[in-house]
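Colleague: I would like to learn how to read features off a model. Could we take them one at a time?

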Amino acid sequence: MAGSCVRRMITDSKAPQKVDVICQHSADGTIIPLRVRLVDEDGQKQVFNIKEYMDISHKGSYTTHDGVFVTDRNLVFECKIVVLDTVRKITLYYAPSTAFWTMTI
């Protein structure tokens, strides 16, 4: 049952949703996203390891293909996670002004 909730959560969501992100902060100031934690439709927390990521931050102010407005201050990562044996692409956004991470699919 939880598997179907996770699948719907990962495939049906279009709007940015707040998520928890576990990161590595390197000595040179680099931030590397390691895991993302979501709350599914049943209120259960689901954790996904980030298998691949690409930092696409610092490209000026623009609206992403997901409809999210970002500036040079935002961190933006394109990531791959595995959900029920399927690789899914997600985009993670961090806004220092609010200290929130959001995710789009």
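**Turns and their loops**

Modeller: Ala99 sits in the loop between E7 and E8; helices (H or I, at least four residues) and strands (E, at least two) are DSSP runs, numbered from the N terminus. This is a predicted model, in which local features need pLDDT of at least 70, side-chain atom pairs count only at pLDDT 80 or more, and totals for chains, interfaces and linings use all residues. Residues are numbered from 1 along each chain as its sequence is written, and side-chain values use heavy atoms, with hydrogens and water left out.

Colleague: What phi does Ala99 have?

Modeller: Most residues other than glycine have a negative phi. Ala99 has a positive phi of about 65° although it is not a glycine. Ala99 is partly exposed, at a relative accessible area of 49%; buried means under 20% relative accessible area, exposed over 50%, and partly exposed in between (1.4 Å probe, protein chains only).

Colleague: Which residue has a positive phi in the turn between E6 and E7?

Modeller: That residue is Leu84, with a phi of about 50°. Leu84 is partly exposed at 41% relative accessibility.

Colleague: How many bridges join E6 to E7?

Modeller: Two strands pair if DSSP finds at least two bridges between them. E6 and E7 run antiparallel and are joined by nine bridges, with Phe77 opposite Leu92 in E7. Two residues separate these strands in a hairpin. E7 also runs antiparallel to strand E8 (residues 100-104), through five bridges. There, Tyr93 has Thr102 in E8 as its bridge partner, and the E7 and E8 hairpin has four residues between the strands.

Colleague: How many salt bridges does a search of the whole structure find?

Modeller: A salt bridge is a side-chain nitrogen of Lys or Arg within 4 Å of a carboxyl oxygen of Asp or Glu. The search finds two. In one of them, Arg37 meets Asp20 at 2.9 Å, N to O. Arg37 belongs to strand E2 (residues 31-39) and Asp20 to strand E1 (residues 17-25), so the pair ties together parts 17 residues apart in sequence. Lys80 and Glu52 also meet in a salt bridge, at 3.8 Å, N to O. This pair links Lys80 in strand E6 with Glu52 in strand E3, 28 residues apart.

Colleague: Which residues lie nearest the centre of the largest pocket?

Modeller: Rolling a probe the size of a water molecule over the atoms shows where empty space is left. On a 1 Å grid over the protein atoms alone, a pocket is an open set of points where a 1.4 Å probe fits, with protein on both sides within 12 Å along at least five of seven lines; lining residues have an atom within 4 Å of a point. Glu78, Cys79, Lys80, Lys89 and Ile90 lie nearest the centre, among 13 lining residues. Strand E3 (45-55), strand E6 (75-83) and strand E7 (86-95) each supply at least two residues of that lining.
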